Structures are given as C-alpha cells and as structure tokens.
Amino acid sequence: KEKFNSQANVYLKTRKKIIGYEEGAGPITESVSSIFIALLLTYISFLVFKEKFSISEFTSFMFAMGLLLDSGKKIQNGYVKIQQASVATTRIHEILSMENPISEPQDPLNFPKDWSQINFNNIDFHFNQEDPLLKGINLIVKKGETIAIVGASGSGKSTLMNLLTRFYDPVRGDVCIDDLNIKQLSLKGLRDNIALVTQDVFLFSDSIENNIRL
C-alpha cells in the first residue's frame, strides 16, 4: 500500500507538472505576443502618420503577424510533446539495450524433426527466493496429445509455457525434447517450432488469413 501510494504521488506530481506546461504555454505566449504587438502597433501607427508606412503594408503586416502567432503556439506545444516522447524513448532504449538473460549455447543444435515427447523434469522456478512459483513439476506431453493446464490466476500456467519457449530458464530441473535439453537448441530453432496464441488477441485491419499468419 505504501509503495502504491508513493508511486501514485510521483505520477500525480509529474502529470500536474506536464499539464501545467501544456496549459501555461498558451497564456504565456499570448501575453508576451500581446505586449509585443501593442508596442509594434504603436510604432507602426507613428510611421503611418509620418507617411512612411502605407495602409496596405500595414494590413499585410498584421496578416503575417497573425500567421506567425499561430506557428509560435504550435512550436510551444510541440516542445512539450517532444519532451514527453524523449522520456518514453529513453525508457524503450533502456529495455532494448538490456542484456538478454537467456544465453545461446556455444554450439547450438537443430530442433529434432522426429521428436516424440516433451519432458518437464523436476522443475523449480521462482522470481525471488521467498516466493516459489513452480516446485517439483514433472510433466510428459506426447506428440499429438492435447493438454489443458488449469489453475488459479498466478499459479504458474503461463510461466510453464514461458519455460518451454525459453523466455525464462528453470531454477532447477530441465525441459527436454525427448532426451535433448532445450538449452542445447538454438533459440530461433526452438521458437520457430512453437506456435503461441495469447489470450489478449489483437486483430489487425486486414484479412482473416493475414491475421492468422501474423
């Protein structure tokens, strides 16, 4: 609860700051512009009375000033958006530059063509020492067999599949195709032979065939 409140307060403070910049940009720009235009109009009026500035030139100038003000507002709003995008880009870069926790074998083997079963041998897995997620899991899935793994949310069903695809590696035990440990296979070769359909399915604006292919 304390952690959530702390994060929520940081988020709220940041959002207030961003909205303040966004909403403050307009009035500040307009106030500065109004003062500048007032001074400029005073000077131009003086030139008009001195007949050094014609009415047509004055009209053209004011029209150009109106276009310039609109552009100035867009630049101001664009600057705020660029700052937001910069933060998001930094976070994405941090994720993309992270070292892959799953290592490729030095001499990767090809995925076996004539395999007969998948073996989960005495699997233990946890994200931290205090909270074991999978413990002593033994499971044999034969080729052509249909298996349903049922359990409460957070019981480790998805994690079990993540171990098969090597998104994680077990803390103890082995996942094998027949007698071949999947750690000996190339990641690409392993994952090319696994089809995954998540429960949160996204449909692209395309044909059913292309959606299935994707």
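The secondary structure of the protein chain amounts to five helices and four strands, where helices (H or I, at least four residues) and strands (E, at least two) are DSSP runs numbered from the N terminus. The model is predicted, so that local features need pLDDT of at least 70 and side-chain atom pairs count only at pLDDT 80 or more, while totals for chains, interfaces and linings use all residues. Residues are numbered from 1 along each chain as its sequence is written, and side-chain values use heavy atoms, with hydrogens and water left out.

Along the sequence, the elements follow the pattern α-α-β-β-α-β-β-α-α. The protein chain is more spread out than a compact globule, because its radius of gyration is 32 Å, well over the 17 Å that the globule rule gives for 214 residues; the radius is taken over C-alpha atoms, and the rule is 2.2 Å times the number of residues to the power 0.38. The C-alpha atoms fill a box of roughly 100 × 45 × 35 Å along the principal axes. Of the 214 residues, 20% count as buried, that is, under 20% relative accessible area with a 1.4 Å probe, protein chains only.

Helix 3 (residues 157-164) has T159, L160, N162, L163 and L164 as its buried residues. The cover over these residues includes the elements below, a contact being heavy atoms within 4.5 Å.

| Element | Residues |
|---|---|
| Strand 1 | 117-126 |
| Strand 2 | 132-142 |
| Strand 3 | 172-177 |
| Helix 4 | 187-192 |

Just after helix 3, R166 takes a positive phi of about 60°.

Methods: Buried means under 20% relative accessible area, exposed over 50%, partly exposed in between (1.4 Å probe, protein chains only).
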